[in-house]
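Hello,

Here is the structure I promised to pass on to you. Have a look at it first, and then read on for what turned up.

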Amino acid sequence: MAGAVALVAVAGVGTTVAVAAGGERSVRQEDRFLAMPETPGSTQVVQLDTSFFTTGDSPRPAVLLGHGFGGSKEGERERAQELARQGYAVLTWSARGFGRSGGRIGLNAPDREVEDVKHLVDWLAQRPEVRLDGPGDPRVGITGASYGGAVALLGSAYDSRIDAVASAITWWNLADALFPQGVRGSGAIDGVFKRLWAGIFFTTGSVGELGPSGGAARPALAPEQGGGQVGCGRFLDELCRMYDRVATSGRADPEAVALLDRSSPSSVAERLKAPTLVIQGQQDSLFPLDQGDAIARAVAANGAPVAVDWFAGGHDGGTDTSDRVDARMVDWFDRFLKSDGPKGDGGDTGAAFRVTRTGGVDSTGFQTVLRGASADAYPGLGGTGARRFDLKAPTGEPEQAFANPAGGAPPNISALPGFGGALSQAATLGAGLSLDFPGQFAVFESAPLDGSVHLTGQPTVSVRVRADRPDAVLFAKLYDVAPDGKQSLPQQLSAPLRVTGADAPEGRTVTVALPTVDHTFDAGHRLRLVLASTDLAYASPVEPATYRVAVTGPVTLPTVDELETEAAPLPSRTWVLPLVALALAAALVLVPRLRAARSARRAHGPAYDPALAGVPLQITGLSKRYKGAADRYAVRDLGFRVEQGQVLGLLGPNGAGKTTTLRMLMGLIRPDAGEIRIFGHRVRPGAPVLSRVGAFVEGAGFLPHLTGRANLRLYWQATGRPEADAHLEEALAIAGLGEALDRAVRTYSQGMRQRLAIAQAMLGLPDLLILDEPTNGLDPPQIREMREVMIRYAAAGRTVIVSSHLLSEVEQSCTDLVVMDRGRLVTTGAVSEIVGAGAQLLIGTDASFGPADLAAAADKVAALDGVGSAEAVERGLLVRLDGMAGSQLLAELVRLGVPVESAGPQRRLEDAFLSLIGGAA
Amino acid sequence: MSAVGAEVSAEVAPDHAAGYRAGRTLPFRVEVVRQLRRRRTMVIGGVLAAMPLLVLAAFAVAGTPGRADRTSFIELATASGPNFAVTMLFMGTGFMLVIPVALFCGDTVASEASWSSLRYLLAAPVPRARLLVRKFLVGLLFSAAAVTLLPLVGLLVGTMAYGWGDLKLPTGASLTAGEALPRLGVAVVFVFLSEIVIAAMAFWLSTATDAPLGAVGGAVFASIITGVLDAITALGDLRAWLPAHWQYAWADALQPRMEWGGMVQGVSLSLSYAVVLLALAFRGFTRKDVVS
């Protein structure tokens with residue numbers, strides 16, 4: 001075959017070279033006109049406008065890229081550049097009569113457009129950039145959509161050098177496409193003229209000027225050069241005459257069918273031997289899915305690999321991205337053109353059968369969501385299974401009569417060229433537009449479906465048609481009727497049919513092939529078969545007629561259960577982001593924890609020191625600086641120890657670091673250095689040993705909306721400890737709130753809160769009780785009571801720490817003292833040690849007793865046995881006892897004639913304290 | 001039993017008081033009770049329950065909203081009980097449900113800090129991580145209740161006012177009530193899941209501040225900011241990274257063919273951001289000096 005193709009005229013005319021910059025690899029583009037013979041052997045020459053795209057000079061497989069009807073090579077440039085980047089040498093051309101090419105439209109005539117393809121293959125074989133399978137036989141694939149798809153199939157049939165084909169939304173038989181006949185066993189000769197589409201198709205080619213003209217390259221346009229008649233535009237005369245004839249009559253004739261057959265791949269079915277990818281649109285009333293089905297079956301019958309892709313698009317419009325379809329086409333060529341190349345044999349061509357299904361609408365982006373369903377084998381239009389449903393007329397009458405209006409108007413509406421996509425997209429949302437006029441159609445319905453049925457293929461139904469005219473032209477539509485009565489027409493497709501001989505007395509019974517669709521009828525929905533007498537898109541008889549129609553069998557819905565729906569294509573962000581987030585979160589939480597654990601091991605001793613098991617509290621080397629106060633220590637190098645049974649007073653002025661120390665003790669803040677051990681266990685935030693500590697630090701903390709009682713009960717429950725361990729009633733007795741206990745805490749006075757908080761600290765009778773300024777806000781009797789509570793508490797072998805800046809308090813209740821100032825320990829020891837050996841008494845004297853008398857008396861008193869010292873102060877004597885009892889001193893004073901007016905302990909601790917902290921400053 | 005604490009001797013030094021176990025502290029029920037009785041909880045519950053009645057009254061006075069040029073769920077509010085419920089969800093999605101979620105999760109730790117009760121819980125001791133987990137879960141529980149309450153009351157009120165019927169969709173189709181209810185459930189679950197990012201944001205702020213208002217306000221403010229950014233269409237695909245971009249994706253559940261894509265993406269985004277925000281909360285709070 002290849003040898004038989006003579007290279008006639010391949011001459012570069014006006015070759016230009018352009019390098020398209022940008023993109024990852026620059027694509028070189030060469031534009032040139034190639035001269036073709038008008039017909040084989042003809043001396044007349046047609047100039048074809050071509051573009052050649054490559055990214056390099058090394059031999060590579062080539063791809064011929066044809067354009068659609070009404071387009072030109074310009075429309076294919078981007079796709080060609082993309083293919084070139086994928087490693088192909090790409091040749092695009094404007095077909096005869098289009099773009100800047102000369103010649104006239106022959107509708108892919110074998111001796112014209114198809115012959116041109118052969119010459120283009122010849123030209124490719126001469127290019128150094130194109131890989132050869134043999135001399136004059138390049139490694140080449142061919143693709144195109146619609147008009148370009150048909151020439152791809154025809155080209156591959158007529159030129160066996162073509163190694164792979166990818167055809168998109170194209171025809172198998174142009175006669176069947178333009179004169180569809182839904183009656184099984186009949187053909188285009190009895191078909192119904194697809195008036196609107198055919199009109200668009202032909203007038204597109206008839207318009208004289210479409211796009212830039214190639215000037216001299218288009219002699220056919222000039223009538224004086226033997227061109228066609230006015231109105232034929234760039235069509236060949238015979239095509240023009242044929243169209244005029246059929247468009248006028250609305251019927252095909254044998255001559256027209258023969259002419260259209262010649263331009264159809266169906267005429268060369270047995271020669272379609274190249275691996276073929278058939279991409280057909282679901283929203284295509286021009287070349288519907290059954291056209292693609294015939295292509296696939298023919299290729300498969302010849303033993304060549306074939307894959308079928310029903311995408312959500314087509315001549316009616318569509319929503320499928322061409323990116324996916326393009327990628328699929330590249331995969332196909334990679335497999336069959338590069339298979340022994342660097343890519344290896346394993347190229348994946350995708351599923352043998354893939355259907356794009358329309359989901360709902362993504363309301364965030366306002367886009368229809370598409371997902372694919374695929375099967376390993378192409379089942380054809382009959383499916384791999386079938387469901388049958390009986391149809392009945394809603395009125396109950398088996399036969400329904402309706403009219404064909406005179407003039408065929410008003411027409412019912414199903415698909416509209418160019419609008420079908422939008423309409424059917426709306427249909428998926430339940431808002432499709434389709435219109436049937438009353439009295440112009442018959443209706444047959446199924447019962448509501450028990451379960452959902454997924455129709456994939458071409459449904460069929462058998463109907464009996466009687467008419468008062470020989471021919472009955474009907475339009476069959478299978479609606480999906482929702483339970484609320486709303487009907488939608490899948491893909492807006494209708495199947496026209498012409499029943500001949502319908503005027504026989506008992507009519508004619510025919511099997512009707514309904515439109516091929518992929519559609520889910522949901523459970524509860526009904527199938528509704530509508531047979532209408534008119535359709536806007538088709539030519540129907542103008543003579544009035546009455547049709548009587550009855551269904552004579554169930555409607556058969558092919559199903560393909562093997563189709564597996566692919567997961568919805570979600571952006572990778574959807575699953576990558578959670579993983580990244582988890583990793584980040586783990587790092588955020590774990591890294592500081594690991595670092596803290598490591599430094600804790602280095603800095604501190606063991607978590608438990610058995611030597612200190614009996615020591616309620618030991619603090620060593622404790623330091624804390626708050627953030628933002630880097631130079632000022634809140635607590636610095638503090639160390640002291642509390643023994644069991646002690647009531648320890650933590651004494652210091654405001655700001656001495658008492659509260660900070662207690663907070664560290666409670667694990668609320670972390671020390672910068674040093675450690676705190678409670679019963680030998682090191683304290684850290686949340687350390688379990690804190691459960692042995694009860695604390696009241698820096699004021700009460702209650703939920704204001706709850707009662708005092710509820711606060712205490714919930715607090716105890718929050719510790720998770722047994723209810724009985726709480727000793728709630730004892731604690732409440734200490735609080736002494738009476739009826740107020742059942743009022744919300746927000747109504748409490750400061751003192752009431754204080755007492756409740758102390759009661760809370762005592763819940764569970766902790767081994768170590770910490771009270772921070774416990775007597776603030778208490779009245780004197782309560783203070784005394786509190787003092788007794790603390791003493792009693794410690795007497796039971798427990799330990800109490802009381803912090804205060806008031807001496808009177810610690811003096812009277814504490815056994816031991818820790819004095820702090822400015823974060824440092826000032827002194828620690830028993831109260832008596834700090835106060836001094838003996839107690840001091842202040843003796844007040846009568847005003848008449850002058851300073852001289854006082855001085856004399858002081859000397860005498862000092863001399864007494866059991867008196868440490870005595871000194872005269874204003875209006876009195878200050879006596880430090882050293883063994884003598886107070887009462888004895890008074891007796892001695894009376895004996896010495898001192899007029900005693902009063903006697904009381906002197907607050908020398910206060911002085912001692914002040915001098916202590918004064919010294920530290 | 002009363003002597004347990006007193007009998008601790010020098011020989012045995014248990015590291016915890018009798019009956020104390022870290023894993024038993026702050027039981028879920030206790031935290032629920034602590035939060036439930038709060039006035040703000042009651043107010044939010046009351047407002048959400050009253051909202052459908054308010055809207056109903058507004059419709060009764062002013063008539064059903066209707067515009068000739070477009071249809072949304074609000075125009076169909078009076079079609080049936082389910083429609084009214086969906087309308088309530090629609091109204092709540094943008095703002096009305098953000099506030100309860102931000103409040104329940106933003107106020108929970110900060111308010112304890114402001115009451116000073118936080119330090120007593122921590123000294124009880126409730127381990128800090130446990131405290132956060134419990135508080136966040138309870139906050140989520142209350143948020144879920146708020147998100148559910150609005151459409152639920154809407155369903156009840158709407159059914160009483162407009163009858164039980166099919167859910168009419170803006171596209172013109174409709175779902176039977178039996179079909180619509182599970183879908184509505186999915187929508188509510190999605191709204192809740194998509195609010196978790198707000199919850200986590202509020203919770204993080206709650207652990208970082210002692211001012212409850214700051215935490216709640218901060219989260220609401222962040223929600224408004226992302227909403228405003230999402231309205232800038234010039235940002236293009238970048239908007240897909242904004243949680244607010246997906247907040248109405250639940251409408252995908254209420255169409256003839258249910259669509260999961262948007263909801264899955266929205267939930268993925270919400271949970272991813274939430275995980276990081278929660279990690280920040282844990283990281284900060286477990287190392288924080290509690291000085292309130």
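Let me start with a question: does A:Glu773 count as buried or exposed? A:Glu773 counts as buried, because 20 C-beta neighbours lie inside 10 Å of it and a residue is called buried at 20 or more. Please keep in mind that this is a predicted model. The phi of A:Glu773 is near 50°, a positive value in a residue other than glycine. You will find A:Glu773 in the loop between strand 34 and helix 16 (780–795) of chain A.

A:Glu698 has a positive phi too, near 55°. This residue sits in the loop between strand 33 and helix 13 of chain A. A:Glu698 counts as partly exposed because it has 19 C-beta neighbours inside 10 Å. Most residues other than glycine have a negative phi, and most peptide bonds are trans. B:Pro125 belongs to the loop between helix 6 (117–123) and helix 7 (128–162) of chain B.

Now to the sheets of chain A. Six strands form an open sheet in the order 33-34-35-30-36-37, with mixed pairing. Its edge strands are strand 33 (693–696) and strand 37 (824–830), each of which pairs on one side only. On average, and with direction ignored, neighbouring strands of this sheet are turned by 15° against each other. Within the sheet, strand 30 (residues 647–651) and strand 36 (residues 816–821) run parallel and are joined by four bridges; here A:Leu650 stands opposite A:Val818.

Two helices of chain A lie across strands of this sheet. Helix 15 (residues 750–762) lies across strand 33 and strand 34, at about 170° to strand 33.

Elsewhere in chain A, strand 17 (residues 453–457) and strand 23 run antiparallel, with five bridges between them. A:Leu455 stands opposite A:His519 of strand 23. Strand 23 (residues 517–521) is mostly covered, with four of its five residues buried.

Next, the cores. The largest nonpolar core has 173 residues, and those touching the most other members include A:Ile770, A:Val802, B:Ala102 and B:Leu277. Helix 8 (residues 177–208) of chain B gives the most to this core, with 17 residues. A second, separate core holds 156 residues, among them A:Phe33 and A:Leu557. Leaving aside residues up to four places away in sequence, B:Ala102 touches B:Ile198, B:Ala202, B:Val216, B:Ala219 and B:Val220.

As for how the chains meet, 75 residues of chain A are in contact with 78 residues of chain B. Helix 11 of chain A gives the most to its side, with 10 residues. By class, that side of chain A has 43 nonpolar, 23 polar and nine charged residues.

Finally, the unreviewed UniProt entry annotates "transmembrane region" in chain B, with residues 84–105 and 136–164 among the spans. In the model, residues 84–105 of chain B are 95% helix and 0% strand, and the end C-alpha atoms are 28 Å apart. For residues 136–164 of chain B the figures are 93% helix, 0% strand and 37 Å between the end C-alpha atoms.

Enjoy exploring it!

Best wishes

How values were computed
Residues numbered from 1 in each chain as written. Chains lettered and ligands numbered in written order. Predicted model: local features only at pLDDT ≥ 70, side-chain atom pairs only at ≥ 80, totals over all residues. Core = buried A, V, L, I, M, F, W, Y, C linked by C-beta atoms within 7 Å. Buried ≥ 20, exposed ≤ 12 C-beta atoms within 10 Å, placed from the backbone. Contact = placed C-beta atoms within 7 Å. Nonpolar A, V, L, I, M, F, W, Y, C, P; charged D, E, K, R; others polar. Pairing = 2+ DSSP bridges. Axes fitted to C-alpha atoms, helices over the stretch in contact; angles between N-to-C directions. UniProt positions renumbered as here; feature names shortened; annotations may be inferred.
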